[in-house]
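Here is a quick tour for anyone meeting this protein for the first time. Take a look at the sequence and the model, then read on.

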Amino acid sequence: MTPELHESRFLRAARREPTDTTPIWIMRQAGRYLPEYRAVRGRVSFLELCKRPDLAAEVTLTAQAALGVDAAILFADLLPILEPMGFELEYTQGDGPAIHNPVRVLDDLGRIRELGDVEELGFVFETVRIVRKNLPPNIPLLGFAGAPFTLASYVIEGRGSRDFAKTKRIMYGCRALWDGLMTRLADSLIKYLRQQIESGCQAVQIFDSWAGCLSPADYRDYVLPYSQRVFAGIPRDVPTIHFLTGNPALLPLQREAGGTIIGVDWRVELGEAWRTVGYDVAVQGNLDPVTLQADLATIKSRARTVLQGAAGRPGHIFNLGHGVLPETDPDNVKALVAFVHEQGARPR
């Protein structure tokens, strides 16, 4: 790693070292709210954009440059890793992703393959190489993947869900199927994330977007061992962000599952979250994304509250509590970045 990257705001904060100001990046910072993204997306389908390294790199780079954030995050999607594992994935207009051969019975386990040749996802790694080559030398690149539970919920439900009833029925009723599926997913994710790192990512974020539907007891029994397996498989010198949304009661278990940076959503006050997970890890978050659709005074006031929750302690990375919404004015996002840099400034 170059000295510029090692001493970058993001990586210093990830190591809980003092920074000149609070670093910030935005989940889904390359998205439909940005005109630079819409100009590219208007020419190709979402899946083609994910699989075209030149275009995926372009939207990654333009988002970082337009916003002035302290890290770029790879433009990709959580689900294409499922295709080489044997799942039929389609992105439908208006309905989002769909799995046409979902897992429902134990016999389905036989057709699920652990990711073998990672180069079946070579378009992702080529995007990483292009982005890393063209980013400013002091801006880290973040890779990412979905957590085992979140991926399992997609391949069982077949699409998004509100109650995750099919997923829970398999959890409770067919442990052999659940364990076999989660093991295949966890081991595939380790290979995938390690290759992102080898291709040029300085850190990775693991999204458990749907685990908030679980009770603490269910998370501990059915999910925690597999998340731990993934985090244990990533090189120890690489910062890992563990982001889980929807249930602050899971924070202690989220910490136990792994991650050197704990990402929290807006449903918990940042200072309380940090006390809960312990000050020996960094934290990321946690402005409500809808705040960015308010007036500037409200945005600044609520961002200031998040910063106050961190209390100037080294190791806070400012972010939203989830992805930026498509209806958001990009000027509001730029104003937030500038405000966090201004208000988070501190002597080193």
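Predicted model: local features only at pLDDT ≥ 70, side-chain atom pairs only at ≥ 80, totals over all residues.

**The largest pocket**

- How much space lies in the largest pocket? It comes to about 1400 Å³.
- The lining is made up of 39 residues, and those nearest the centre are Arg28, Arg32, Phe46, Asp77 and Tyr91.
- Sorted by class, the lining of this pocket has 20 nonpolar, 12 polar and 7 charged residues.
- Five elements each give at least two residues to the lining: helix H3 (35–41), helix H4 (46–51), strand E2 (89–92), strand E3 (96–99) and helix H7 (148–157).
- H3 has the largest share of that lining, with 3 residues.

**Arg28, at the pocket**

- Arg28, one of the residues nearest the pocket centre, sits in the loop between H2 and H3.
- Its phi is positive, about 60°, even though Arg28 is not a glycine.
- Is Arg28 buried, partly exposed or exposed? With 43% relative accessibility, Arg28 counts as partly exposed, because that class runs between 20% and 50%.

**Cavities**

- Searching the whole structure turns up 2 cavities of 30 Å³ or more.
- The largest cavity has a volume of about 50 Å³, and its lining consists of Leu244, Asn247, Pro248, Leu251, Gln254, Val264, Asp265 and Val268.
- That lining splits into 5 nonpolar, 2 polar and 1 charged residues.
- The second largest cavity has a volume of about 30 Å³.
- Around the second largest cavity you will find Ala13, Thr19, Thr22, Pro23, Arg313, Pro314, Gly315, His316 and Arg346, which by class are 3 nonpolar, 4 polar and 2 charged.

**Helix H14**

- The buried residues of H14 are Pro330, Asn332, Val333, Leu336, Val337, Phe339, Val340 and His341.
- In an α-helix there are 3.6 residues a turn, so residues three or four places apart point the same way.
- The cover over the buried residues of H14 includes helix H2 (9–14), H3, helix H5 (53–67) and helix H13 (296–310).

**Loop residues worth a look**

- Leu250 is in the loop between strand E6 (240–244) and helix H11 (251–257), and at 0% relative accessibility it counts as buried.
- Leaving out residues up to four places away in sequence, Leu250 touches Ala211, Gly212, Leu214, Ser215, Pro216, Tyr219 and Leu244.
- Leu250 and Leu214 are 36 residues apart along the chain, yet 8.5 Å separates their C-alpha atoms.
- Ser209 belongs to the loop between strand E5 (203–208) and helix H10 (216–232). It is buried too, with a relative accessible area of 11%.
- With residues up to four places away in sequence left out, Ser209 touches Leu78, Thr150 and Thr245.
- Ala311 is in the loop between H13 and strand E9 (316–317). It has a positive phi of about 60° without being a glycine, and its relative accessible area of 57% makes it exposed.
- Gly285 and Asn286 are joined by a cis peptide bond, with omega about -5°. Asn286 lies in the loop between strand E8 (282–284) and H13.

**Cysteines**

- How many disulfides are there? The count is 0, where a disulfide would need two cysteine sulfur atoms within 2.5 Å.
- Cys174 is partly exposed, at 22% relative accessibility.
- For Cys201, the closest cysteine sulfur is in Cys50, and the 15 Å between the two sulfurs is too far for a bond.
- Cys201 counts as buried, with 4% relative accessibility.

Definitions and conventions
Residues numbered from 1 in each chain as written. Heavy atoms only, no water. 1 Å grid on protein atoms, 1.4 Å probe; cavity = no way out; pocket = protein on both sides within 12 Å on 5 of 7 lines; lining within 4 Å. Points joined across faces, edges and corners; volume = space filled by probe spheres on them. Helix = DSSP H or I, 4+ residues; strand = E, 2+ residues; numbered from the N terminus. Nonpolar A, V, L, I, M, F, W, Y, C, P; charged D, E, K, R; others polar. Buried < 20%, exposed > 50% of the residue type's maximum accessible area, 1.4 Å probe, protein only. Contact = heavy atoms within 4.5 Å.
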